[in-house]
Amino acid sequence: MAQSTDTNPRIYLLAPHLGDKEWALVQQAMASNWIAPVGPQIEAFENTLQDHLGPDAHVTALQSGTAAIHLGLLSLGVKPGDEVLCQSLTFAGSAFPINYCGATPIFVDSESLTGNICPQALETAIKARIKRGTKPKAIIAVHLYGMPYQVREIHDIARHYDIAVLEDAAEALGSYYHEQPCGALGDQGVLSFNGNKILTTSGGGALVSRSIQEKQKALYWATQAKSPVEGFHHNEIGYNYRLSNICAAIGVGQMGLLKARLTQKQALHHWYEVLFEARQGISLQQAPDSRFASNWWLNVIVFDPRLARCTPEQLSIAFAEENIESRPLWRPMHLQPVYQDAPYYGGSVAQNLFEHRLCLPSSTKMSPTDRERIAAVIQRMC
Ligand SMILES: *Cc1c(COP(=O)(O)O)cnc(C)c1O
């Protein structure tokens, strides 16, 4: 891989992008001595999230999106021996918590419009598992790269079979489906504030519950299941998952930038759109219709192998030679060695998307010079 030089600095797929308030907020948190997973910035951060998601979204700030999925599954009553349906084309953080619960993941194919969980494959999977006598306990649906999944179709099926939906909106803060904010659509919602997400707390996540009671239960599990009885009584197994006050201070500053970041992501998406307008056999992934409002966390290009002048691998290598990062899609979970024995329902859509698509650098921090370097590679290769 090419070394970074002054004339050729590395262009990252996604770089954290701080504003001018985070540093002062962190200093305030330090000065007040709230250097703990307790403190005023945690509640302030949760309130900014609730302002965005709506009054019925009860938010628990946690150390990661993965921890939020774990507690979300516990809230839905997932227990050892249960089965949980999960979109196969996703990051491993969506699926691993199923195993933390001692449950079994059942993977489901994607549809090619949004890249997310396929309604037909989902229904086939549900019917087949019910026939075996193991009705799944929950469905994990993901808004991949910020693009909402087919919410109405998926939630209709879930309601019909009375199975809860865990909405993995880790990549979709600021996305909307039918004007409703992603993260507040499922029975449980999950956000991530890892360093590569649209907003960051360095590492962090949030669980979005539907009621105050559910939030209180999640908070109890996240703080070592301490019962209110004096003297550290524990009736249940707990976890140490609460976000630190220092990280929450970063989050408060970042949430003030959400609108600005969404505008910047939209502009970058439009820039790529123009760049790919005239390229043969390669197009930018778009929303199926106006109900799907992506935050454009990552820009994804779609290769038609019969028409494109290069393969995703060739373009990726050409980028790497110029010290520019690009990335294949997430490798589907049903193709992972660790999940080789897990049941899978569907065909080869997820695998095809994985093989014929590529993620392009999508930092809001990119300079005009960075864009010129990216455009030069695309114009030469595509
Ligand atoms: C990032 C991510 C997660 C996990 O979030 P962390 O905060 O990194 O633990 C889960 N699901 C998806 C789809 C993600 O992109």
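**Notes on the ligand site and cavities**

1. The shell comes first: 15 residues surround the ligand, and the closest are G65, T66, E171, S192 and K197. A residue counts here if one of its heavy atoms lies within 4 Å of the molecule. Please keep in mind that this is a predicted model, where local features need pLDDT of at least 70, side-chain atom pairs count only at pLDDT 80 or more, and totals for chains, interfaces and linings use all residues. Numbering runs from 1 along each chain as its sequence is written, and side-chain values use heavy atoms, with hydrogens and water left out.

2. By class, the shell around the ligand holds three nonpolar, nine polar and three charged residues. Here Ala, Val, Leu, Ile, Met, Phe, Trp, Tyr, Cys and Pro are nonpolar, Asp, Glu, Lys and Arg are charged, and the others, Gly among them, are polar. Both α3 and α4 supply at least two residues of this shell (helices are DSSP runs of H or I with at least four residues, strands are E runs of at least two, numbered from the N terminus).

3. Which polar contacts (N or O pairs within 3.5 Å) does the ligand make? A backbone N or O atom of G65 lies 2.7 Å from a ligand oxygen, and an N or O atom in the side chain of D168 is 2.8 Å from a ligand nitrogen. A polar side-chain atom of N194 sits 3.4 Å from an oxygen atom of the ligand. The protein buries 94% of the 380 Å² that the ligand exposes when taken alone (Shrake-Rupley areas, 1.4 Å probe).

4. The ligand takes up the largest pocket, with more than half of its atoms within 2 Å of the grid points as the criterion. A pocket is an open set of points on a 1 Å grid over the protein atoms alone, with protein on both sides within 12 Å along at least five of seven lines; a cavity is a set where a 1.4 Å probe fits but cannot get out, and lining residues have an atom within 4 Å of a point.

5. This pocket has about 250 Å³ of space. Its lining has 22 residues, with T66, F91, A170, S192 and K197 closest to the centre. α3 gives the most, with three residues.

6. Three cavities reach 30 Å³ or more. About 90 Å³ lies in the largest cavity, and A15, P16, H17, K197 and I198 are the closest to its centre among 15 lining residues.

Conventions:
Points joined across faces, edges and corners; volume = space filled by probe spheres on them. Polar contact = N/O pair within 3.5 Å; in protein donor to acceptor, adjacent residues only side chain to side chain.
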